[in-house]
Amino acid sequence: MNDAIISAIISATIPSIISVIGFIVTYEMNKRNYKEELDNSKTTLNIEKLQSIILDVSNLMNNPNNISVDTYQELVSKILSYGSYDSIKILTHMQTTLYNRNNEEQSGKNFSNIETQDFTVFTLSCYSILIAQIKYDLTGEIIPPLTYAKIKLTDFTKLENEFYIKSNEIIDDLNLNEQFKTI
């Protein structure tokens, strides 16, 4: 073949190859950027939804008897929809225990004062751990879960040891972040 033909083929082929490679690289970069933007949007939506949950759970700790069933169900739905795996584990553990206790009550079991106290400690410990977990999910900060119970409960010191034991037990049972444990 003639050198002129070879150089014409090469000069036509090289820009075409470069254009195809450029197109592929641009496509992959746009695909990656779109995926990152979608992930950022999901994270932002979760953060917005979870912010109110901390306040709702905190209010529930203040007045556990003054919350309506609808409000509680909405709170549970928000956690299930936007919460992390660990926050859902905490909620599921708490709900399962609550259902079991309600079934026992309905079957006629009477609970002693100590059993009622233990259940209250369990429930408030779960709420405290749930708040700490959601705060951790939102900010990455680890705050001891019982900080919330100390703030919310005026008689915390009476049952402080029980709260620490129950909180650590729940954290162990659910394989939660070890840094949540209180020594």
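Biologist: Is the crossing of α1 and α2 left-handed or right-handed?
Modeller: This is a predicted model. In it, the axes of α1 (residues 3-62) and α2 come within 10 Å and cross at roughly 140°. The crossing of these two helices is left-handed.

Biologist: Into which classes do the residues of the contact of α1 with α2 divide?
Modeller: On the α1 side the contact includes Leu45, Ile53 and Asp56, and on the α2 side Tyr72, Leu75 and Lys78 are among the residues. The residues of this contact divide into nine nonpolar, two polar and three charged.

Biologist: How far apart are the end C-alpha atoms of helix α3, and what span should its 22 residues have?
Modeller: Helix α3 covers residues 85-106, and at 1.5 Å a residue it should span 32 Å. The computed distance agrees with that, since the end C-alpha atoms of α3 are apart by 31 Å.

Biologist: Which helices do the buried residues of α3 pack against?
Modeller: Buried here means under 20% relative accessible area. The buried residues of α3 include Ile90, Leu91 and Met94, and also Lys89 and Arg101. They pack against α2 (69-82) and α4 (113-139).

Definitions and conventions. Residues numbered from 1 in each chain as written. Predicted model: local features only at pLDDT ≥ 70, side-chain atom pairs only at ≥ 80, totals over all residues. Heavy atoms only, no water. Helix = DSSP H or I, 4+ residues; strand = E, 2+ residues; numbered from the N terminus. Expected span 1.5 Å × (residues − 1). Buried < 20%, exposed > 50% of the residue type's maximum accessible area, 1.4 Å probe, protein only. Contact = heavy atoms within 4.5 Å. Axes fitted to C-alpha atoms, helices over the stretch in contact; angles between N-to-C directions. Left-handed = near helix turned anticlockwise from the far one by under 90°. Nonpolar A, V, L, I, M, F, W, Y, C, P; charged D, E, K, R; others polar.
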